[in-house]
Amino acid sequence: MSLQLWTHCRAATLQAGAAQPYGLIEDAALVIDGESLAWVGPRADVPADLLARCETQRDAGGALITPGLIDCHTHLVYGGDRAHEFELRLNGATYEEIARAGGGIASTVKATRAATAQQLQTQSAARLQRLIAEGVTTLEIKSGYGLALEHERKTLSVARALGQTHAVDIRTTFLGAHAVPAEFAGRTDAYVDAVLEMLPVLHAEGLVDAVDAFCERIAFSTAQTGRVFAAAKALGIPVKLHAEQLSDSGGAQLAAHYGALSCDHLEWLSTEGAQAMAAAGSVAVLLPGAFYFLRETKLPPVALLREHNVPMAISTDCNPGSSPCTSLLLMLNMACTLFRLTPEEALAGVTRHAAAALGLRDRGVLAAGMRADFVVWGVERPAELSYAFGANPRLQTVFKGGLV
C-alpha cells in the first residue's frame, strides 16, 4: 500500500515524557498509512523503506501539526435552551434554587422529550459542526435529558447517528442518573430502579460506551450511584462520574473504587479523593466553561492534582444550563486564565489526557501506530492555541483517519 508523507512542519506530538515541551519536533515529518500514522519524527530520519513507498507528498508550509482535539465531556444532544435561567441567575437566583423550582435539568428534559429525533439531530448537528471547525475529531456525548427509556434511547441514537454523518468519532455515555424526573418526584430510589432497568436494554442495543452519574446533594447519593456503577460493572461497561462540583460528597473515592475512567468537575475534591483517583488511574476532567458560566468561586484543586500526578483533561461540558459552549479552544484559554494551567497542560488536556478519559488508547498523540487524526494550524507556537480567544487561530486542515 502506498503511503503519504507530510514535511515542512512542526509537530507537537504531545507524547508523555518527551524531551521537548509539547513533544515538539521542529523539522518534522509524518508518514500516513491508511487510517494510521506509520511514522513520526525528524524529517531527516524518515526510514528509507517508508520514504520509497510514499507516493503522495505534502508540504505543510511550516505549519504546526497537533493531534486531533478531543472533547471528552459533552451533553451535546438536547432540546430547547435555558437563556431565561441565565437571566434568573443574573437577578440573584442560584443554580440549586432554579433546579429545585422545576427548572434546570428538568426544563431541558421537558424540551428534549417533546422534540423528535430529527429535530434533535438538526439542532445538535449545528453544535457539532462548530466543534469540528475548531479541530475536534473525537467527542463524547452523554444522554441524561430523556430520563425514560424511549427518550434516553432517542438521544443516544441521535448521538450515534451524528457520528455516521460527520467526520468525527463519537463515544456515547448513558447518564440516566442525571436527575430525578417529575414522575418520580420524592421517589429517588425508585427512579434508580428504573435506571437499572434501562441500562441493560440500551447496552444490548449497542448505544452505551460508558455509564455516568451525577453524584451530588441535588442529584444522587453515593449509595445510589454505587448501585448504578455496580450494574455497569456487571455488564463490563466503564464508568465516569460528575463528582464534587457543588460539595465534597466522596464521589471521587466511589468512582475510583469502580476504576472510573474519569471524575469530572472536582471543584470540591479532597486530598483523599485525589489519592484515590491517582491509585485508580482516573483522569480529572476540568470544566472551566461551567465554572465561568455559573460564576463559581471554588477553584478545582489543580495543585493537589499535580501533586498526586492525576492527569487533567479539559472539555467544553457543552450543555444548555451551565456551559452552552461549542468552542474547545476557548476552554484552553479559560483553563489557563481561570485555573492557571500551563498552555502545555491545557493542550495535553484536550489530546492525550482527553483520550484517556474516554478509555481510548489509539489517539491523542502523534506517534507510529496511532490513528491519523491530526490538525494543521497556521500558527508558529503551540501556546497560540491557548492564547487567543474569540477567534479560530487559523486552522488550516483537519484530518480524520488520514482523510480531510
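In what order do the 4 strands of the open sheet run, and is the pairing parallel or antiparallel? The order is β5-β6-β7-β8, and the pairing is parallel. Strands here are DSSP runs (E, at least two residues), helices likewise (H or I, at least four), numbered from the N terminus. Two strands pair if DSSP finds at least two bridges between them. β5 (69-71) and β8 (210-213) are the edge strands, each pairing on one side only. From one strand to the next, the twist averages 20°.

The model is predicted: local features need pLDDT of at least 70, side-chain atom pairs count only at pLDDT 80 or more, and totals for chains, interfaces and linings use all residues. Residues are numbered from 1 along each chain as its sequence is written, and side-chain values use heavy atoms, with hydrogens and water left out.

β5 pairs with β6 (residues 136-142) in the parallel sense over 3 bridges. Ile70 has Thr138 in β6 as its bridge partner. Helix α5 (residues 117-132) packs on the sheet and touches β5, β6 and β7 (169-177). Contact means heavy atoms within 4.5 Å. The direction of α5 makes about 145° with that of β6. Axes are lines fitted to C-alpha atoms, for helices over the stretch in contact, and angles run from 0 to 180 degrees between N-to-C directions.

Thr316 lies in the loop between β12 (312-314) and α13 (328-339). The residue is buried, with a relative accessible area of 0%. Buried means under 20% relative accessible area, exposed over 50%, and partly exposed in between (1.4 Å probe, protein chains only). The Thr316 side chain makes a polar contact with the side chain of Asp71 (2.7 Å). Such a contact is a pair of N or O atoms within 3.5 Å; within protein, one must be able to donate a hydrogen and the other to accept it, and residues adjacent in sequence count only if both atoms are side-chain atoms. Beyond neighbours within four places in sequence, Thr316 is in contact with residues including His73, Leu131, Cys325 and Met331.

Two residues other than glycine have positive phi. Asn309, in the loop between α12 (302-307) and β12, has phi near 55°. Asn309 counts as exposed at 66% relative accessibility. Arg340, in the loop between α13 and α14 (343-349), has phi of about 65°. Arg340 also counts as exposed, at 58% relative accessibility.
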